[in-house]
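Dear colleague,

Please find the structure below, together with a short account of what was found in it. I would be grateful if you could read the account with the structure open beside it.

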Amino acid sequence: MEPNFDICIIGAGMAGATIAAYLAPKGINIALIDHCYKEKKRIVGELLQPGAVLSLEQLGLGHLLHGIDAQPVEGYALLQGNEQTTIPYPTPNHGMGLHNGRFLQQIRAAALQNSSVTKIQGKALSLLENDQNEIIGVNYRDSVSNEIKSIYAPLTITSDGFFSNFRELLSNNEKTVTSYFIGLILKDCETPVPKHGHVFLSGPTPFICYPISSNEVRLLIDFPGDQFPRKAFLQAHLETNVTPYIPEGMQTSYRHALQEDRLKVMPNHYMAAKPKIRKGAVMLGDALNMRHPLTGGGLTAVFSDIEILSAHLLAMPDFNNTDLIYQKIEAYYRDRQYANANLNILANALYGVMSNDLLKNAVFKYLQRGGVNAKESIAILAGLNKNHFSLMKQFFFVALFGAYTLVRENISNLPKATKILSDALTIIKPLAKNELSLVGIFSDYFKR
């Protein structure tokens, strides 16, 4: 069967819509499939770290942040007890807080305004294969006619998100739920440090907030464990572990939000990227790789993936050479692993740290000192520093600093100091094994 399109994209979410918006003006013929094009209501994907903003600008799509009341974010404030410290992003970089649904609709509109993009409303059912086990397109159920139809293309991009239907065919991923986020929108809220993301460390589990419009702040509260929180447990968690630690200036907005019962709950996943390289198909976004959203690195990873994959695809003279497409897919998977390893490790490592009192205190005091180490740490979080050696160095500096501080206070703290080092290694070892190689770390050391 002759191909109908150059590329078929399954999923018009943040990943699928963005790569369509970028590639379509280059004359690439694209089929964009999604079961629903209405505005989505999500509680994550609302903070763009500076690395995400930079990638969007490099794709020529920075203008899509305009007209949706998006708010600049200049850095982070960490609050613990009566203390707080502020860490600015490296100048002149900034992040953006926004409504994910509004932003996505802007991206979709930018993609669909191109005559080379065909909007298809339907549910993708299965990937089509030829006699050589090459993927040549997709079957889908049309949302209007309810008929099952087929699309043929030399490349199919699966970007159907958290609950991808095609993950088993295209990867060896093992998805785990690390915790749940409880989401609230606080209206007309006074945060301790305007134009900043906030990480609250006083309670047993962390919660964060950041502006998403001129009069709204997103509050995300961690609920530990892999079981969906029942309402009674959820309310008890808020009353015991969150409400007492909400700053006074935020209390009124917080209580109003609770009274209106606008709570939304979503699982937080970790899934390392372990693709099966198949001829004719490639995975993009959360379908391939997920990390804990505590650090807001999700869109940084998505836009970075789009930059890398697009660069490889645009280097091809056309889409007729399936062997060359296969080579480009291989190169994309290799390059994206290097680019996103820091984001993946930091997100889940930091979540592990925030659930450990000794390490949590060490992080706060370490960053409170400011200086070069704080600047390097925030650059990694911002997605601006992708050097793997920098990440490993800063992580173990924090642990060593915490251990040294305890022993300096009192030699009887030696068991606690030893525990800090042991816990740090327990947290980082499996993540580094999934995402890094020793060769890569040492290579980055000499690139500094």
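Strands β4 and β7 (residues 95-97) pair in the antiparallel sense over 3 bridges. Here, two strands pair if DSSP finds at least two bridges between them, and Pro 72 stands opposite Met 96 in β7. Strands (E, at least two residues) and helices (H or I, at least four) are DSSP runs, numbered from the N terminus.

This is a predicted model, in which local features need pLDDT of at least 70, side-chain atom pairs count only at pLDDT 80 or more, and totals for chains, interfaces and linings use all residues. Residues are numbered from 1 along each chain as its sequence is written, and side-chain values use heavy atoms, with hydrogens and water left out.

The open sheet consists of 3 strands in the order β3-β7-β4, with antiparallel pairing. Its edge strands, β3 (47-48) and β4 (71-73), each pair on one side only.

Strands β5 (residues 75-80) and β6 (residues 83-88) run antiparallel and are joined by 6 bridges. Gly 75 stands opposite Pro 88 in β6. The two strands β5 and β6 form a hairpin with 2 residues between them, and Gly 81 in the turn has a positive phi of about 60°.

Leu 64 lies in the loop between α2 (50-58) and β4. Is Leu 64 buried or exposed? Leu 64 counts as buried because its relative accessibility is 5%; buried means under 20% relative accessible area, exposed over 50%, and partly exposed in between (1.4 Å probe, protein chains only). Leaving aside neighbours within four places in sequence, Leu 64 is in contact (heavy atoms within 4.5 Å) with Phe 103, Gln 106, Ile 107 and Ala 110.
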